[in-house]
Amino acid sequence: MALVSVAALLREAEREGYAVGAFNTNNMEIAQAIVEAAEAERSPVIMQASQGAITYAGLEYITSLAMVAASKAKVPVALHLDHGTSFAQVVQCIRSGFSSVMYDGSKLSLKENIAMTLKVLEIARPIGVSVEAELGKIGGTEDDITVDEREALFTDPDEAELFVRETGIDCLAIAIGTAHGQYKGEPKLDFERLKKIKALTKIPIVLHGSSGVPDEAVQEAIRLGIRKVNIDTNIRETFVWAMRQAMEKNPNEIDPRKILGPARKETIEIIRQKIRVFGSSGRIK
Ligand code: G3H
Ligand code: 13P
Ligand code: ZN
């Protein structure tokens, strides 16, 4: 199967009321785990690469891994650029074969964010590449800010409505209380805000920083219109924990496959669990 666009996957998710997991990859083992987990769950899946992943592995390697994985997969797989912040990188990813891109203009003014997102749409849409944008500032769990300061960065529902009307993007990432990385306490999601944003935009909404959000909260967010759930930190935690276990169990091991293999196996399990929580299990017959 060739790579499919995120928009196509989210259209189906919107119709049926579930969310598609978007899992970050940095290497071959994680890419394999993402697709193996999706196949085991008979679920569509989004593999995504961050700026950091592209710098680490190289654009060609990331694209090739996803293409090989998708060509063998019995479920639809999308390859998505996560938090693209430069127009040049968006172009490089599309040319390399990505089926979807995120243009993250959340640090820009609303006007500039709209203008840049339109520029990305102009080159992506004619060739069937879907576009995710971000409004509001999601930030990281390590950001040294108070709860009030974080709330001030949440997505404004009226701005979201204007943004979607002006751009016509495929899906929108919003700030409603999640953050990237490991949470110190339990994140509190602003469900009322999500409800308003969904009612005003009527498009698939994306939840970033989803690792560490309790399953029930993720499911409530899906009930209110989240259709793409981004997970990176849970994969990192699982992968590194499993590597550490393997090394501690056999400190003299010098074969990387004996360390990376168990890490891949555990990663499949955590991704399968997430897929079940998102409700996309069994959607591919
Ligand atoms: O959205 C953030 C992701 O966790 C990617 O982070 O740039 O360190 O790969 P990274
Ligand atoms: P976490 O690493 O917090 O799961 O966030 C992932 C993400 O939002 C990638 O864009
Ligand atoms: Zn993110």
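This is a predicted model: local features need pLDDT of at least 70, side-chain atom pairs count only at pLDDT 80 or more; totals for chains, interfaces and linings use all residues.
1. A disulfide is a covalent bond between the sulfur atoms of two cysteines.

2. Why does Cys93 form no such bond? The closest cysteine sulfur to that of Cys93 belongs to Cys171 and is 15 Å away, which is too far for a bond, given that a disulfide requires the two sulfur atoms to be within 2.5 Å. Cys171, for its part, is in no disulfide, the nearest cysteine sulfur being that of Cys93.

3. Are these two cysteines buried or exposed? Cys93 has 0% relative accessibility and therefore counts as buried, and Cys171, at 2% relative accessibility, counts as buried as well, the limit for that class being under 20%.

4. Turning to the ligands, ligand 2 is surrounded by 15 residues, and the closest of them are Asp82, Gly209, Ser211, Asp232 and Thr233. Sorted by class, this shell has eleven polar residues, together with two nonpolar and two charged ones.

5. Several polar contacts to oxygen atoms of ligand 2 can be located in the model. A polar side-chain atom of Asp82 lies 2.7 Å from an oxygen atom of the ligand, and a polar side-chain atom of Thr233 lies 2.6 Å from an oxygen atom of ligand 2, whereas Gly209 contributes through its backbone, with an N or O atom 2.9 Å from a ligand oxygen. Of the 300 Å² of accessible area that ligand 2 has on its own, the protein covers 96%. The elements that give two or more residues to this shell are strand S3 (77–84) and strand S8 (226–231).

6. Which residues surround ligand 1? They are Ser50, Gly52, Asp82, His83, His180, Asp232 and Arg236, and by class they divide into four polar and three charged residues, with no nonpolar residue in the shell.

7. The polar contacts of ligand 1 described here involve the side chains of His83, His180 and Arg236. An N or O atom in the side chain of Arg236 is 3.1 Å from an oxygen atom of ligand 1, while the corresponding distance is 3.3 Å for His180 and 3.4 Å for a polar side-chain atom of His83. The protein covers 68% of the 310 Å² of accessible area that ligand 1 has on its own.

Methods: Residues are numbered from 1 along each chain as its sequence is written. Chains are lettered from A and ligands numbered from 1 in the order in which they are written. Side-chain values use heavy atoms; hydrogens and water are left out. A residue is near a molecule or strand if one of its heavy atoms lies within 4 Å of it. A polar contact is a pair of N or O atoms within 3.5 Å; within protein, one must be able to donate a hydrogen and the other to accept it, and residues adjacent in sequence count only if both atoms are side-chain atoms. Accessible areas come from the Shrake-Rupley method with a 1.4 Å probe; for residues, only the protein chains shown count as cover. Helices (H or I, at least four residues) and strands (E, at least two) are DSSP runs, numbered from the N terminus. Ala, Val, Leu, Ile, Met, Phe, Trp, Tyr, Cys and Pro count as nonpolar, Asp, Glu, Lys and Arg as charged, and the others, Gly among them, as polar. Buried means under 20% relative accessible area, exposed over 50%, partly exposed in between (1.4 Å probe, protein chains only).
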